Amino acid sequence: MGATLQTVADEVGVSRSTVSNAYSRPDQLSPELRNRILATAKRLGYAGPNPSARSLRSGRVGAIGVLLTANLSQAFSDPFTVAYLRGLAEAAENRQTSLLLIPLPNDPEAARRAVRDAAVDAFCVYCVPDWCDVLDVIRSRGLPVVGGEDPSVVEPGECHVGIDERVAGRQLGRHVTGLGHRRVAVLGHWATDQQVSGPVTVADPGELRNFVTRERVLGYADALAEVGVAWSDVMLINVAGSDRSYGALAAGFALDRWDRPTVIMATTDLLALGVLDALASRRLRPGVDVSVTGFDDIPEAATVGLTTVAQPGQERGRLSGQMLLDPPADHEQRRTVLATELMVRATTGPAPRPNAKEQS
C-alpha cells in the first residue's frame, strides 16, 4: 500500500492537518518544518493530497465557469473577447482561481447539461443567446453568477457588468444620420437558424433573440426614426459567421447593386473590417463612396480609421471577476454600467449625392 497523509504525519511526528498545510497553506508553517515534511513525503513516495478529495472537503473547486457560444475557437479570433477574458483572468489570478471556458451547444438540453455538470464555484455569463435558459440551471445549483448582457434577467443579489448597448447604438446612428445618410444597410447576425449570408427581413428588431445585436440595432433604428427613415426601408444583411471574411462576403449583397446603401453599419468591428475588405476589392472608398461603422473599438479599428463605439473590454472582464469573487454587500452596487465613447474616424463621411440614375 502506498504512502498516505497519515504515513507522512507519523514519520515526521506531526498531525495530519500540519502535513496538509505544507501543501495547501504553507504560510502556516515555518520554512524548516515545511521542507522537512516535503522531503519526508518525497522519500516515502507520497505525491500530496488528492485535489478532487480536497475540493470535496472544502466545497470549492477553485474555478470560474465562463459561458460562451458554441464555437469556442471563434472566441480567440475576436480581439474584444480576448481582451475581456484577459481582464477576467487578471481578477481570477489575484484570488488563486482559474477559468474554465464552457462552449454551449446549440441544443438547449445539451447546453443545460453542460452547465449542470460543470465543476466550478461560480459562473460568468459572457455571450449566451436568449433561447438558452442556463441562468435557471445556475440558480438551481445555488452558485454565484455575473452577467454582461441583458440586465433585465438579473435577479436581486446577482451581479451584472455591462454597457447600455441601445444608447451607444443610438449615438452611432445619430452620427450617421447627421452626415445625411438615409439609405442604410445593417449587417449582423439576425437569426441563429439561418446559416447563410444574405438579405433578410426582420419586421421588428425588438424580436431578435441575441440581446447584443437586438439592443445595438434598436439604437440604430431609434436614430433613423428621428429623421423619418422607416425600419422597413433599412437593408438587412445576415452574416453567417463572426470573422471578417464573413463580413466581406455579406457586404457584397449590399454593394453589388445599383442602389447600394450610402452607409453600412456593422454590429461588430470584426464584421466592419470585412466590409472594408469588400470595399477595397471593388475599389470603393470608405467614408467617400460608402461609409462604414463598427462597434467595440478593437485595436485594429484605430489602425484602419474605423468609426465605431469604444467600450472597455479588459476593464469589463476585470470588474466582472472582482464582483463575482468579492461581491459588494450592497446589492445595488452589484450592477455596473460602464461608459462608452463614439470614435469618429475616416470611414464615415457625408452621404454621396444621388447620381442621375437614382434621381430619375
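Biologist: In what order do the 6 strands of the open sheet run?

Modeller: This is a predicted model. Its open sheet has the order E2-E1-E3-E4-E5-E12, and the pairing is parallel. Strand E2 (98-103) and strand E12 (335-338) are the edges, each pairing on one side only. From one strand to the next, the twist averages 20°.

Biologist: How many bridges join E1 to E3?

Modeller: There are 4 bridges between these parallel strands. Take glycine 65: its bridge partner in E3 is phenylalanine 123.

Biologist: Now helix H7. Which of its residues are buried?

Modeller: Start with the general idea. An α-helix has 3.6 residues a turn, so residues three or four places apart point the same way. In H7 (residues 108-117), Ala110, Ala111 and Val115 are buried. Down the axis of H7, the buried residues fall within an arc of 140°, so they line one face.

Biologist: What covers the buried residues of H7?

Modeller: The cover includes strand E1 (63-68), strand E3 (122-125) and helix H8 (134-141).

Biologist: How many disulfides does a search of the whole structure find?

Modeller: A disulfide is a covalent bond between the sulfur atoms of two cysteines. The search here finds 0. Cysteine 124 is in none; the nearest cysteine sulfur, in cysteine 159, is 10 Å away.

Biologist: Is cysteine 124 buried or exposed?

Modeller: Cysteine 124 is buried, at 0% relative accessible area. Cysteine 159 also counts as buried, at 5%.

How values were computed: Residues are numbered from 1 along each chain as its sequence is written. This is a predicted model: local features need pLDDT of at least 70, side-chain atom pairs count only at pLDDT 80 or more; totals for chains, interfaces and linings use all residues. Side-chain values use heavy atoms; hydrogens and water are left out. A disulfide is a pair of cysteine sulfur atoms within 2.5 Å. Buried means under 20% relative accessible area, exposed over 50%, partly exposed in between (1.4 Å probe, protein chains only). Helices (H or I, at least four residues) and strands (E, at least two) are DSSP runs, numbered from the N terminus. The arc is that of the directions from the helix axis to the C-beta atoms. Contact means heavy atoms within 4.5 Å. Two strands pair if DSSP finds at least two bridges between them. Axes are lines fitted to C-alpha atoms, for helices over the stretch in contact, and angles run from 0 to 180 degrees between N-to-C directions.
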